[in-house]
Structures are given as C-alpha cells and as structure tokens.
Amino acid sequence: MSDNSITDAVFQHTARLSRLEIKPEEASIKDQLIEAAKYVKVLDELDTKDISPTFQVNHKNNVLRQDKIEPSLSQDLALSQAKKVSNGYFETAPTINKNK
Amino acid sequence: MKITPIIGLEVHVELKTQSKMFCGCSADHFHVEANTHTCPVCLGLPGALPVPNKTACEWCVKLGLALGCSINEQSFFERKNYFYPDLAKGYQITQLQKPFAINGKLTIDDHEIRINRAHMEEDTGKSVHVDGSTLLDFNRSGVPLVEIVSEPDIQSAKEAKKYLNKLQQIIRYIGISDADIEKGSMRCEPTVNVCIDDQFYTPLVEIKNVASLTGVMNAIDFEINRQVKQFEEDRQQKNSSNKTTRGWDADKNQTFLQREKEGSADYRYFPEPDIPPIIFSKEKIEEIQKNLPKLPGVKISEYKMLGLSDYDANLLAEDKDFSEIFDKIISLDNSNEFAKFSANLLLGPLKIIEIEIEKINPEYFKKLFDKKSELSSTVIKQLILDSYQSGLDPLEIAQKQNLFQISDTGALEKLAKEVIETNPKAVEDYHKNPLAIGFLVGRLMKVSRGSANPQSGKEILEKLLK
C-alpha cells in the first residue's frame, strides 16, 4: 500500500461501507487513517513471494460439531438487548420501500 | 431480429439438518414462534464462536457429487461483509475461493447446463415488513444453506423450469432438503439477459422474490420481452457496471427495479478466521459417493431397459419412495414381463388413489403375477386395490370371492351346457350366424360370475354346438 493510496474517493467509499457519516470537522480522520496504514506498511518489506497466504495460525482443521440440538436462549433473553421490540420480534427501520 | 435468451440460475436450498449451521439451535423455523431458536452465535453477539455442522458439510458434498462436481479436498469459509438488518453479524459466513463442490453439470434433454459450484453458507434472519418498520425473526438466521450456481447456459423459461425440477428431484432423492419452493426451502434467483442478432448483449438483470416454479417461468419470460423492448428504445448494452436487480411482482405479473447496485458490490470477502479449513480426504469423498442412492436419471434408463415406456419410466422414477417400492417389487422376479405387469398395476389402479407407500406389499404383485393366467386382467386390478386397502393376500380374496377363472374343462362344460339349454333362441341364432357366439359366451361369463376364461369358454361352447 503506497502512502497516498487512501484518496478522497477511497476514504468516502470506506466510510460508506462502514455506515459512518463523516462530518466536515472530522476530515482529519483521513490523515489518521493514512498514518495507521503507514504503520503496517513495514510488512511490505518482507519477501513473501514463495509463501502461501496464511488464513489460520493454529494449524487445526475439521473442527466440526455433530448435528445435535442444544438449548436456545429464551425469547425474552434474546430480545433483552434490543433497542426496540414488537410482539417477539426485533424492530428496526423499514428496509424496503413498499411502493413498488 | 434473432433473440437468444441467456439465463443463469442461483438456487438456495435449506438443508433439513436438526441444528443450525454454526450453532446448536434448532434449524426448524417454519411456523415457530419468533426468536425462540437463537443463541449468541446466530444472533451475531460479540465473542461467539461458530462451529460448522458436520452433517451439513457432508450433505453439501453429497449434493456436489450427485451433480457431478469435483470436490475440493480442502475448503474454507469466508466472510461476506454487508450491512442489512436480517444479518446481525454484519457479514454472512459463506464460501468463495474454495467451495466444497465445483464444476458439475445437469443435462436437460441432451443439453448440458454447467454448474459452477455448490457451496455452503448460512441463511439470514427473516424480515417481516409492516407499516413504518421492519420486524426481524432470527430463527432462520444460521440455518444451513447450499447455493447452487449454474453457468448462464439456460436458454428458455421452460428449460429453467426443467432444470429446477431436476435439481429438486435430485435433492429430494438424496434426502438433504424438502426443496419446497412454496415453503421457501428452495429459492431461486434467475439472472437474465438477451443476445440480439448474435452481436448485442442487453444489460444483466438479477430477479429476486420469485416464490413458485410458475413464477420463475413468468418472470424470465417477462424479463426477456422487457429487455428486447428496452434495447429497441435505448440500444443500451451490457457493461461491467449496469447490472440491476429487479423484484418479481406475481400479482401484476411483472418485474420492477429494486435497487441499482452501487458499482459492483463491495463485499470485501476474507477467510473466516474463526473456522479452521475443512479437509475431505479422498477416502471420505469416495465413501459419500458410494453411499449416494441411485439417482432418477439412472433409474429411468434401467426401467427402460426392462421394456417400460419412456413415460412410465419417468413416472416411476419421479418420486423416490414410489420408485423404491417398484425396485423392491421387481427384485422378486427379474423378467421384463413382471416389470411391465407391476408397473401397470402401480401406475394404474394404485397411482390414481392417494397411496401410502408403506402399505404396499411387493409379495402380492408377485403372487398375482404367478396366477395371472387364472385371473382376468380386470380382476387383477381390483385385487391389487382390495389387497392394498385391506392388507389381505389377494389370492385369498380371489379364493373367497370365487374369482379364479374356471379353466377346468369339466366345470366349464357343465356351465356351458346350462347356458345352451336356457338360451334356445341364441343357439338358433348361432346356427344361422356363428358370430352370435358372443352372446352365449357373455351368458357363460355371467353364470360363472366372471371367473370363466372367455377363450376356453368359447371353445367349449363351439364344441358342444357342433
């Protein structure tokens, strides 16, 4: 990653993907992000040409469970952290415009 | 104008495992009280650890093998990141680079439809849209889902339907899902565009919310027509950024623009760090392959080898239980004649009524077959039905009701004499016109209550009247 890879467009895109609204007075976040990116840039110094990507560091595989039912949370407990509930459902802002 | 539709299908199938994909919550969510089958894993609470369901992984491989796919010996899960309320974690656990199964095919009327992949993932929660808000039920969140992605090889709505039928049949045969489109355990998203005059390609459209097989056909047909009209108006061609998503409105019988995709969606896939890779050894893959049941295509060709018509073979193989009982029946006698005899009974008198397969006794077919020279074909049909309904041996029923054909010449002769004596007019007619024998044979059948063999009866009558 080069120093200037975080362009305004990349910054805006990243903010949008993260559902973050960046106010004009918070524009300095972009510079902080560039700083942070510089910090991990040190990894570029390593030669990884012959090394396959590492997804796991614990060298395990096939960590699976048998198909057995275990107790679930009660409805009350499941909903207990929700901002808004309605008849046993989590309630949220509408996701579709019902006017087709 | 030459129009060639280009159709690809993405099919999601919910597996009927007991528990969910990454946690032990019950996977049952149909008509279950909202949010009663959830836990920290499927609610996406911080710190929860997903552990894959072994059976679900094996079933995905099983389906892959049934579709002629290669199985990746090493697979892993990945995170597909996006924000949507029905996906509590902010990402879906799915497979991208190394799915369980790749490069299969399904053949529809000699036309090969390539299958790109069959991969394992988790279902999302269910949204209920009410006035002014969306309600969420996470009982479905984390239910094992296999996604089967075809290449865009399908050329018509009709072919799409056949493809789905065949896929559904295979899934039900191997017993991994009900694959019920109406209930939502099989969901289908066609991607459609059209090639015009072999040179212009219309923009891609992905169709969502299709909830029935007829809907799939109607939506595809609607979209083909709409795209051709649209192209005539604006001459717009497919490019990398003009794919759109359209919903299907079954009431209005039309598609409508859902949302423009923001460029190509940026899901930022990356390997799921919480789940180590999954390795299927060659031995394990072979074992799953070996335990695959005989698939409908194979059965159909076997039935045809037994001399059954294409139509009958298809009917018999259509349903797994039905074909299994047929297989049991024909295992009792390997002659083609017996296969045809049994197929006629199964597809005739028994198929008409709503039968319970487990009530069918294969032995009875064999018993009737062995005595078929002594029973009329009408009587045989009645007997198989009666024995199915009562559970009794059909030959015992025949015995009790005197339904065996009398081919014993002595007994027949006695009855024939009786018929001749009581029908002098008919005898007279016969002497004038030998064709009038039919009436006397009819009388003979009547007095024997259907048990006379008409051919022997006729011969005896003729002999007596000489």
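This is a predicted model: local features need pLDDT of at least 70, side-chain atom pairs count only at pLDDT 80 or more; totals for chains, interfaces and linings use all residues.
Student: What holds the strands of a sheet together?

Tutor: In general, strands of a sheet pair through backbone hydrogen bonds, in a parallel or an antiparallel manner. Here, β2(A) and β9(B) run antiparallel and are joined by 3 bridges; A:T92 stands opposite B:T134 of β9(B). Within chain B, 5 bridges join β8(B) to the antiparallel β9 (residues 133–137), and B:S127 stands opposite B:L136.

Student: How many residues does the contact take from each chain?

Tutor: The contact takes 33 residues from chain A and 40 residues from chain B. On the side of chain A that touches chain B, α3 (75–79) and β2 (89–92) are the elements that give two or more residues. The largest share, 4 residues, comes from β2(A). By class, this side of chain A has 13 nonpolar, 11 polar and 9 charged residues.

Student: Is B:G184 buried, exposed or partly exposed, and where is B:G184 found?

Tutor: A residue is buried with 20 or more other C-beta atoms within 10 Å and exposed with 12 or fewer. B:G184 has 15 within 10 Å and is therefore partly exposed. B:G184 lies in the loop between α2 (157–173) and β11 (186–196) of chain B. Its C-alpha atom is separated by 9.9 Å from that of B:V210, 26 residues apart along the chain.

Definitions and conventions:
Residues are numbered from 1 along each chain as its sequence is written. Chains are lettered from A and ligands numbered from 1 in the order in which they are written. Two strands pair if DSSP finds at least two bridges between them. Two residues are in contact if their C-beta atoms, placed from the backbone, lie within 7 Å. Ala, Val, Leu, Ile, Met, Phe, Trp, Tyr, Cys and Pro count as nonpolar, Asp, Glu, Lys and Arg as charged, and the others, Gly among them, as polar.
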